[in-house]
Amino acid sequence: MLGTAGMAAPDVYLDACCFIYLVEGTPDWRATVENRLRLLPATAQLITSQLSRLECRTRPVRDGNDALLKRYDDLFSATRVCLVDISPAIIDRATILRARHGYKSPDAIHLATSISAGVGTFITGDFHLQGCSELNVEVLALTRE
């Protein structure tokens with residue numbers, strides 16, 4: 001996607017925890033994510049894996065919390081949010097990341113999806129992921145409101 005100056009907009013990848021912070025997080029965590037997103041140009045896409053939908057929607061479905069499920073579904077269908085399917089190429093890259101770094105499978109899939117999407121920054125609340133040298137991983141620091 002092109003920004004106003006003809007340069008590519010700095011799309012970012014949001015780890016599932018970012019969506020959880022936005023929907024269910026404490027006011028401090030919600031503000032932390034919102035403040036970070038405000039720094040992005042309006043044209044920047046918020047990229048994430050279909051895995052984020054799974055991770056975020058499981059508890060509301062299990063608990064029968066239709067209101068919470070709708071909040072997630074509304075967020076994932078927002079114009080700026082781009083959901084990436086998990087392809088065999090992403091699984092192959094995730095396998096390599098898991099083997100090299102010891103990441104849990106979901107984390108490796110998120111990182112591989114971000115790399116495959118070619119985003120500039122992977123935003124997460126998980127400091128364990130900052131060891132991924134193939135990507136610029138930004139670990140959120142809690143903002144106190």
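Let me start with histidine 110, which is found in helix α6, residues 105-117, where helices are DSSP runs of H or I with at least four residues, strands are runs of E with at least two, and both are numbered from the N terminus. Histidine 110 is buried, with a relative accessible area of 0%; buried here means under 20% relative accessible area, exposed means over 50%, and partly exposed lies in between, with a 1.4 Å probe and protein chains only. If we leave aside its neighbours within four places in sequence, histidine 110 is in contact with Tyr13, Asp15, Ala16, Ser49, Leu51, Ser52, Glu55 and Phe122, contact meaning heavy atoms within 4.5 Å.

Before I go on, a word on the source: this is a predicted model, in which local features need pLDDT of at least 70 and side-chain atom pairs count only at pLDDT 80 or more, while totals for chains, interfaces and linings use all residues. Residues are numbered from 1 along each chain as its sequence is written, and side-chain values use heavy atoms, with hydrogens and water left out.

Now to the overall layout. The protein has six helices and five strands, and, read along the sequence, they follow the pattern β-α-α-β-α-α-β-α-α-β-β. The radius of gyration, taken over C-alpha atoms, is 15 Å, which agrees with the value near 15 Å that a compact globule of 145 residues would have; the globule rule is 2.2 Å times the number of residues to the power 0.38. Along its principal axes the C-alpha trace spans about 40 × 40 × 30 Å, and 41% of the 145 residues count as buried. Among contacts with a separation of 6 or more, 62% come from residues 24 or more positions apart.

Strand β2, residues 46-49, pairs with β3 in the parallel sense over four bridges; threonine 48 has leucine 83 of β3 as its bridge partner, and serine 49 has valine 84 of β3. From β2, Leu46 and Thr48 point one way and Ile47 and Ser49 the other way, and all are buried. Strand β1, residues 12-14, pairs with β2 in the parallel sense over two bridges, with valine 12 opposite leucine 46 in β2. On to β4: β1 and β4 pair in the parallel sense over three bridges, and leucine 14 has isoleucine 123 of β4 as its bridge partner. Both faces of β4, residues 121-124, are covered, with Thr121 and Ile123 on one side and Phe122 and Thr124 on the other, all buried. Finally, three bridges join β4 to β5, which run parallel, and phenylalanine 122 is partnered there by valine 137.

Turning to the helices, two packed helices are described by the angle between their axes and the distance between the axes. For α1 (residues 16-24) and α3 (residues 50-63), the axes come within 9 Å and cross at roughly 40°. The contact is made by Ala16, Phe19, Ile20 and Glu24 of α1 and by Ser52, Glu55, Cys56 and Arg59 of α3. Seven of the nine residues of α1 are buried, so α1 is largely enclosed by the rest of the structure; the buried ones are Ala16, Cys17, Cys18, Phe19, Tyr21, Leu22 and Val23.

Two further helix residues remain. Alanine 67, found in helix α4 (residues 66-76), is exposed, with a relative accessible area of 55%, and alanine 67 and serine 52 are 15 residues apart in sequence and 18 Å apart in space, C-alpha to C-alpha. Isoleucine 96 lies in helix α5, residues 88-101, and is partly exposed, with a relative accessible area of 42%.

Notes:
Two strands pair if DSSP finds at least two bridges between them. Axes are lines fitted to C-alpha atoms, for helices over the stretch in contact, and angles run from 0 to 180 degrees between N-to-C directions.
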